[in-house]
Amino acid sequence: MQRGLNILAATALAFTSVNPALASNPAPAAPAPLSVLTYNVKGLPWPVARGRTDAFRQIAARLLTMRREGRQPHVIVLQEAFTDAAKRIGQDAGYRYIVYGPSKAQLTQARMTAEDQRFAEEASWLKGETEGKWADSGLEIASDYPVLNVQRAAFPGFACAGFDCLANKGVLLVTLKIPGEPTPFAIATAHLNSRHSSGVSDGRSLYAYRRQLDFLRSFFIARRDPAIPLVFAGDFNISELARRTALFEQIGRWWPGTEERVPRDGLRTCLARLSHNSRAFADATFAMRRARDWQFIVPGRLAAITAIGMTVPFGRDPTGAMLSDHVGYVIDYAAARMKPTA
């Protein structure tokens, strides 16, 4: 327990301070026109969720209104976009470039350990662990900026627990050309195994969660370009200390060449800048305390990015209702070109 608390303390420090090496290294540039929305839209298929089509239309309509007013997020990153109506959000909101995550049929072959084998042998039919994939990953990235490269991968078949196994969850990584910036930027998203919603014990869901983290580490080491900055936004389902500890023990090893032990998070960086009396502050605080939706910021060798502001277009309305069971928030980023080191 003490070790976990120490990790949490170190993480909090990382989120509230700037790495001295990075602070002295980048040469500040004009703010880049990059803003990223992360949003779990609760696009679960029938019969798990019903009557959601109107909510998806409202989400797309709000994004389209923001576009007409010139304040739309340049990139939207969606999770649980399983249904056709949910998948149309990016298109209906006017985004030119739309990329989806792993399909229902995409498989990842991975060597199983003896522990993995024992875990797989205990799979439950009643909890949906032996029925194959009924849905794709539910991941979508829609962008105003050209997509230069796409990488996607499903988690290995044994790296899931409970009802989450019915979806082919995984990771989606795109490289974007940002106007006026010589260095491309990368955007990634993932949706990790849920805890209580999976329907299995915390111990079983935690095992799957850790194996998904192992897979993400190998994925990013193999496929991420370390020269360019990355925003890794998604639903990380960090709902208790054991998961938080597992993630923060691992994530610092995913980005070779960077000096930050734990990447900064856009939400926690920008929350203090909101008016404490605003509805946006209340919604953002709710998202932070739930600890599911994050935007991790990873510098590249050639450029870094800094979170400079945020908005919350998808929180509670005046009646307290929301269009999803998650808050959808936007982080604005500025770029800094890295100076060559001596």
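Okay, so let's start with Arg204 and Glu122: their side chains meet in a salt bridge, 3.9 Å from N to O. Keep in mind that this is a predicted model. The cut-off for calling something a salt bridge here is within 4 Å, and this pair makes it at 3.9 Å.

Where do these two sit? Arg204 is in helix H7, while Glu122 is in the loop between H6 and strand E5 (140-143), so the bridge ties together parts that are 82 residues apart in sequence. And are the two partners buried or exposed? Well, Arg204 counts as buried, with 12% relative accessibility. Glu122, on the other hand, is exposed, and its relative accessible area is 56%.

Now stay with helix H7, because there's another link: H7 covers residues 202-223 and holds Arg211, whose partner Asp116 belongs to helix H6, residues 114-121. Arg211 and Asp116 form a salt bridge, with the closest N and O atoms 2.8 Å apart. That pair joins distant parts of the chain, 95 residues apart. Here both partners, Arg211 and Asp116, are buried.

Which residues join up into a network? Asp116, Arg211 and Asp214 are linked to one another that way, through salt bridges.

One more pair for you: Asp202 and Arg195. Their closest N and O atoms are 2.9 Å apart, and they form a salt bridge too. Asp202 is partly exposed, at 32% relative accessible area.

And how many salt bridges does the count come to? Twelve, by this rule.

Conventions:
Residues numbered from 1 in each chain as written. Predicted model: local features only at pLDDT ≥ 70, side-chain atom pairs only at ≥ 80, totals over all residues. Heavy atoms only, no water. Helix = DSSP H or I, 4+ residues; strand = E, 2+ residues; numbered from the N terminus. Buried < 20%, exposed > 50% of the residue type's maximum accessible area, 1.4 Å probe, protein only.
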